[in-house]
Amino acid sequence: MEMPMRRKKTEEPAYTFTFEFKDKPEFVGELVSTAKQLLLDTGKLVDTLSQEFMEVQGTSGGAIKQTLMFTVESVRKMVARLVAMIKYGVQQNIVQNPTQAKFLQGGATSMQSSANAMLNAATATLANMGGTSEEKVKRTMQQYYTAVTLSVKNILQAAEFLNASTAVEEVEPEPAPEPHRPVSTQGAAADKGPVARGTLSPGLRPQEVSEVQALYRKTHLKKRLRSLVIEYKDSKCSQEQKQRARVLREVVATEQTYVQSLYQCIKFFLVPLKEKAKDNRWIMTLEDVHRLFSTIEVIHQFNAEFSQQLDKRMAEWPNVNTFGDIFLQMVPMMKMYTTYINEYDGATAVWTKYSAKQEFADYIAQLRKNSGGRLDLVSMLIQPVQRLPRYEMLLKELLKHTPSTHVDYENLVEAIERIRELNEYVNERKRQTDNRNFIIKLQEQITEMPLVMVTPSRMFIKHGELAGASVKLPKKRKSMVFLFNDLVVRAKVVKANEKYVFEEYAGLSGLGLGALQGLSFALKRPEGDWEFNCASEAEAKMWYGEFKNVIEARQLQDMCNDKLERSKAKEKTLHILSATYGDLNEPKYALEVTQQLQDMCDAQGGELIIPGGTPKSKLPGFVDPTAKSALPSFFSSFKYKKQLLVVWSDSKGAHTRTYGDTEPVFIQYA
């Protein structure tokens, strides 16, 4: 059977100390002095390491590191001396009382353990500064320093009691008085002279002395504990914890109320209206019921689960003091709110349509009465729209009362960012939905419209009545102008039925904008300018600014699209891998022309076309490779056979072909 491995203990340096004390007061005095000096040196070490962390971590912190290492060694030696002194006092019977000895030894053991742990942590930190954060160093050293301080204070308290018992031992007890003679404490005091401060009555037995000391310790500890509680209660940390607890309770309570409201909306309104709408004689259709309540049942199911998780975590508080992780887990699923928020305007339209009918209004009033009379359907239907911004507000309030060192701090920061992004996403989707619905409605209102206005990328910008003229409509008159991100439409207003009659439109690609001259400006078009006249200077500046922004944005978009098209065209071009011209059997009289053919291919839009009948040496960038031969040109034309060897690639792979000197070349991308 394999034995479990034991953790190897860190070996501490061995120190040798020699003590000689004349009496107990001298021992107590040296003990107190050493303990107080240890507190001062330990506090100095912690403060120096925490305050000068960045300097120690840098390359110029060598001297500071060396000083801190020397301080660590000094404190370690002082700890060993204090422990050895207590051990010596117990062994040499300087500390005779077993209770006092046990108290001192316990304090020494606790102090040595905490101090060694702190010193080891400080040594490790100084040895590896790169992998340690400043905040972690401060927090770790402060925890160890608190433990050391409490242990040393226990030793000092034991030394006080030891000093008090010393005073008792120095007073010699009087003989017991005879039974029939009462003892006069005043006479005893007079015989012995004045009793020194801290001296107990010489008539007390050792057991009574121990009882008095125990009572003193108990009273002193109670007072100290009470002062610590009061000190913490009034501290900034305590106030932050109270505020954090208040916000946490608000988060949990509001979620419970919200889920309960959704449940009541479904139970007292949605379910009865569904049942009522199944009757074809009822004024409200089942489709309109679904439009009114949208996805409220799905949202209720999700938030009921969310509320249960918050309740469970609150039941574990404060032992488990994190809530940000729950929000991080649930935020991605909150995108389901998008559908409800986008359809909320439609739900409002359904409510407006039916609430004007008395039969429907009476039925809703009856449902409200059945619920207890406190539920308002309109107020309940808007709650999911308001919930996501409410989450962001609550989390920001919670973060405000969470220290940066808190375990939940990073989770809350990330959760707030995720909620913010979610709200932006939902708002953008809502804006796109509203824009699409407006354009659909506008398409129905403009008669004789020759084009489909609803496209995925088209966004409505502005509309208004402007006077103007164009080549098609040379007579200046007022028209309703509709400005989009890629289009401008003019239509004649038909006020009788709030509809419009199409007049003309123009795409914004390739358009220019003239300067603003008083109350008028013009759109520059190849077919002829459009002139617009405004009623006031403010209106002119507003319209001119809108047209300018839209046209500049369209020009930028056209540039990006053009670059993209060129990039796509370049992807479809031929790639000339290799090209050689000359006598292919005589490398001496052959030249590489790969780059020349690639340039020709790019210039011809991704194809390579070379007419026949002309030697290739006449092409741009080509030379006759046989010209360097010593033979006359007449003889060289018979001796050398000039050809063009081309290797190219397209979507189907690599291809090779040889062409004669005057043979035409025609290669297309495939």
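Which residues in H16 are buried? The legends below refer to a predicted model.

**View 1. Helix H16 and its buried residues.** Helix H16 spans residues 409-445, and its 37 residues reach 54 Å from the first C-alpha to the last. This is close to the 54 Å expected at 1.5 Å a residue. The buried positions in H16 are Leu 412, Ala 415, Ile 416, Ile 419, Leu 422, Asn 423, Val 426, Lys 430, Thr 433, Asn 435, Ile 439 and Leu 442.

**View 2. The surroundings of Asp 486.** Asp 486 is located in the loop that joins strand S3 (477-484) and strand S4 (487-494). Its relative accessible area is 15%, so Asp 486 is buried. A polar contact of 3.0 Å connects the side chains of Asp 486 and Arg 458. Beyond neighbours within four places in sequence, Asp 486 is in contact with Arg 458, Gly 507, Leu 508 and Arg 554.

**View 3. Aromatic pair of Trp 282 and Tyr 363.** The whole structure contains 18 aromatic pairs. In one of them, Trp 282 and Tyr 363 are edge-to-face, at 5.3 Å centre to centre and 65° between the planes. Trp 282 lies in the loop between helix H8 (236-277) and helix H9 (286-293), whereas Tyr 363 belongs to helix H14 (residues 358-370), 81 residues apart. Both residues, Trp 282 and Tyr 363, are buried.

**View 4. Aromatic pair of Phe 306 and Tyr 391.** The ring centres of Phe 306 and Tyr 391 are 5.8 Å apart and the planes meet at 75°, so the pair is edge-to-face. Phe 306 is buried with a relative accessible area of 0%, and Tyr 391 is buried with 2%.

Technical notes: Residues numbered from 1 in each chain as written. Predicted model: local features only at pLDDT ≥ 70, side-chain atom pairs only at ≥ 80, totals over all residues. Heavy atoms only, no water. Helix = DSSP H or I, 4+ residues; strand = E, 2+ residues; numbered from the N terminus. Buried < 20%, exposed > 50% of the residue type's maximum accessible area, 1.4 Å probe, protein only. Polar contact = N/O pair within 3.5 Å; in protein donor to acceptor, adjacent residues only side chain to side chain. Contact = heavy atoms within 4.5 Å. Expected span 1.5 Å × (residues − 1). Phe/Tyr/Trp six-rings, centres within 6.5 Å; stacked < 30°, edge-to-face > 60°.
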